[in-house]
Amino acid sequence: MASLNKALRNCIAYQRISNSGTMNFTWGKPSNVKGTVFRKKKPLVNTDTKVETVQNVLKNTNERSFKKYKKKIERPTVHIKRKHKKDKQKLLNPIKNNPSEPPQQTKAVNLFHNSQKQFSISHSSKFESEKLFTDSGKKFSDLDIHKHLISNLEKINFNSLTTVQEKVIPIGLSRKDILVRSQTGSGKTLAYAVPIINDLLTLTPRLQRKDGLQVLVVVPTRELALQTHELVNKINTFQWIIASHLCGGENRKSEKDRLRKGVHILIGTPGRLLDHIFHTSVLKLNKVRCLVLDEADQLLDMGFRKDIIRLVEELNKARINSTENEGAQESNNEENPRQTMLLSASLTKGVSELADFVLKNHVFIDALEEEISEDSPDRLLIPNTIEQSYILTPVKNRLVTLSAIIVAKCKQTSKVFVFMASTQMVEYYYELFSRCLLRMPLNRGQYATRAGLLSGDGDDSDLSDEEEVLSTQFFKLHGSMDQKIRKKVFTEFRAAKSGVLFCTDVAARGIDVPTADCIIQYTGPQTDKDYLHRVGRTGRAGKSGSAIIFLTEAEEAYVARLQQLQVRLRKLNSTDFLNCLSEVMNEPDHERAARNLQQHYEDTVRQDKDLHFSACMAYSTWSRFYNSYPTKMRSIFDFKKVNLGHYANSFALKNTPSEISKTVRGEVVNMETPRLNQKLSNYKDEDVAKRSQGFDAKMSKRITDFFNLRPNKKQKNSDSLEDADHNKHALDKAVTTFPQCSQDIESVERSSETEESTSLNIKAS
Ligand SMILES: Nc1ncnc2c1ncn2[C@@H]1O[C@H](COP(=O)(O)OP(=O)(O)OP(=O)(O)O)[C@@H](O)[C@H]1O
């Protein structure tokens, strides 16, 4: 009976949702039927659906047949759907439904009609989080460490200890195993780096190059490896202690050479470390005194569990072999057991299992002095110096709202991270903003009166007369970028005075850009931990920062979800930001300024086939991403509730979703002849034909490039699993993007499965 009631409730809920008259039940007065009673209601719209009452069903059927009935009454809606298909499509794609009709380019973009809401600002109450610096005011000089190390730390303005450092360093110095949980940006790196360097400094006799590897630091990403190496180098100015880093995408030969010369501290990503362990004979693990697993939660999230286990086993094996071969006295291994430190910003089940596996009689250090860690291990520890908020925007306003926030932040010389769902989104928005938001035509103020002016409807002189409207730099970072470029971008962004980094989650963890003061999540995180780590890129070392997440009304439940994890978000007023567009667009009315900007984006995209293709790819990967939220999050980020047409707007696309998917599949859709740009509209028919041929060639190159994301065997061994994961994901996307090539992909995937196992059997391979 309980499940019958449940089914009835669902039925009622269903009816309430589809209150367009497609169903024919409603709440009614009690009648002779026990329990919830319904009465028949006239359909709101004319349908030829057969109407039945629940009463009849209750009378005549048992629970089982009710289920059948429920299915039956759901079926007619399908029928109705068909009948009203056009209406539904209109609802989903209000912009345009007929692929053969070109988008109405001169039609002003209606961004605000019936959609702009006045958002109220609610007060945020912050939950207490970890104190960055303790009240004790303890300094590095108070620690029992080498005086030269202290002076090195002081030279780079590290004087006072952060909470986590105060707790970890003394235990680290005693060479005990440690499990550390501490919030992002709290100084965990130094917490393990100081004891390590002090330990190596105090070794007698003094270390020599031939002494081999002493410390192994495992980090999840290449950027983190580089950054950790930089920090270690800053405090390790002792010429006889050599630190180096290894990570995927770099030249293996030069890494081998470095290893051959002798390295004492090695920082790297798991895949590449394992690779060298198996293939570089000079790399010996028998003398390793200390193993650090930094960002353990991310290591596990990225699927490195097996690699870490393998690595630990190799370390253990090397120790045992060395003790057996050299004799206990000589190897000194028993007196000096390996110290292992495991650090994480969140304490998950996986992390504690890993801790049980790698640590021995460890000390657990939680920088937050509350029992919370045991009561609610899921709690997200976010520094309270970060002002967290969300912005509710109608989907079609997303692009201009993002632009407005970027403009507003860049006016304050900010350094901004903008997190996006996919590599293709990063590529596209980086390109779009670089073209449209930094410089604008001088006559853009007349846009409202002369439609299309921004896109070149006026004289050619109008086109060339541009001015800088935003003085900042745009950067992009994602996993498909060449390692050298990735390194360069990361270094440049860190060094820049201000800038906006469009990035995927590859930049979400561990990356330290001390001056980053704003985090924008343009697409929501897939997990709560992703939220934590993205936000943690700001508010580093006690600095203040802000974090804004874009949500739609349907996604607002995410705020409540975060609240359960003791994270509170403030609601932001989108008009506060949109005002900034007035200045940029030379248009006092901010709504019109926003409309003009949207139009500018759309015109730019329409006129450039490459950019248009990139927009379609970005859209396509976004929809894949949105459709793949984990079950826990799917009720909030529900693909079924998404208005795909509006989302296309937020990619500055005037095409319908089906046109977009045709484009990404390589079918050249009826792209209108660009009319606005005079230069392009001067094309004769043959030119257009030639262009389309060129486009086909480009398409096929792109498809090839897409597949080439998967490294060949040679590359594979040189890359970390981070790349393998990424490429698997990319291939996955390619299946939807280019279904006609799915066979190729399947065969690549089959070979990839074999390759993946090589990460554990590299020796054999
Ligand atoms: N004692 C200190 N005094 C001042 N600044 C510090 C101190 N220790 C670390 N920092 C700075 O704090 C910032 C964050 O440090 P770090 O990257 O080690 O944090 P983290 O806890 O590892 O963060 P995440 O978990 O996000 O990786 C860095 O810019 C670092 O230079």
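Of the 765 residues of the protein chain, 55% count as buried. The model is a predicted one. Its protein chain contains 32 helices and 18 strands. Among contacts in the protein chain with a separation of 6 or more, 78% are accounted for by residues 24 or more positions apart.

An open sheet of seven strands shows parallel pairing, with the strand order 5-6-4-7-8-3-9. Its edges are formed by strand 5 (243-246) and strand 9 (363-366), each of which pairs on one side only. On average, and with direction ignored, neighbouring strands of this sheet are turned by 15° against each other. Strands of a sheet pair through backbone hydrogen bonds, in either a parallel or an antiparallel manner. Strand 4 (residues 215-218) and strand 6 (residues 265-268) run parallel and are joined by four bridges. Within this pair, Val 215 has Ile 265 of strand 6 as its bridge partner.

Helix 8 (residues 222-235) lies across strand 5 and strand 6, and runs at about 175° to strand 5. Helix 10 lies across strand 4, strand 5 and strand 6, with an angle of about 145° to strand 4. Helix 10 spans residues 270-279 and includes His 276. The relative accessible area of His 276 is 0%; because this value is under 20%, the residue is classed as buried. Apart from neighbours within four places in sequence, the residues in contact with His 276 are Leu 246, Arg 252, Glu 255, Lys 256, Leu 259 and Leu 283.

In helix 14 (residues 349-358), the buried residues are Val 351, Leu 354, Ala 355 and Val 358. These residues lie on the same side of helix 14, because they cover an arc of only 105° around the axis. The exposed residues Lys 349 and Asp 356 are carried on the face of helix 14 turned away from its buried side.

Helix 21 (residues 557-564) has Tyr 558, Val 559, Arg 561 and Leu 562 as its buried residues. Viewed down the axis of helix 21, the buried residues fall within an arc of 160° and therefore line one face of the helix. The elements covering them include strand 10 (386-392), helix 20 (528-535), strand 17 (545-551) and helix 25 (631-634). After helix 21 comes Gln 566, which has a positive phi, near 65°.

The ligand is surrounded by 21 residues, of which the closest are Gln 165, Thr 189, Glu 295, Asp 512 and Arg 540. For Gln 165, a polar side-chain atom is placed 2.7 Å from a nitrogen atom of the ligand.

Key: Residues numbered from 1 in each chain as written. Predicted model: local features only at pLDDT ≥ 70, side-chain atom pairs only at ≥ 80, totals over all residues. Heavy atoms only, no water. Buried < 20%, exposed > 50% of the residue type's maximum accessible area, 1.4 Å probe, protein only. Helix = DSSP H or I, 4+ residues; strand = E, 2+ residues; numbered from the N terminus. Arc of directions from axis to C-beta. Contact = heavy atoms within 4.5 Å. Pairing = 2+ DSSP bridges. Axes fitted to C-alpha atoms, helices over the stretch in contact; angles between N-to-C directions. Near = heavy atom within 4 Å. Polar contact = N/O pair within 3.5 Å; in protein donor to acceptor, adjacent residues only side chain to side chain.
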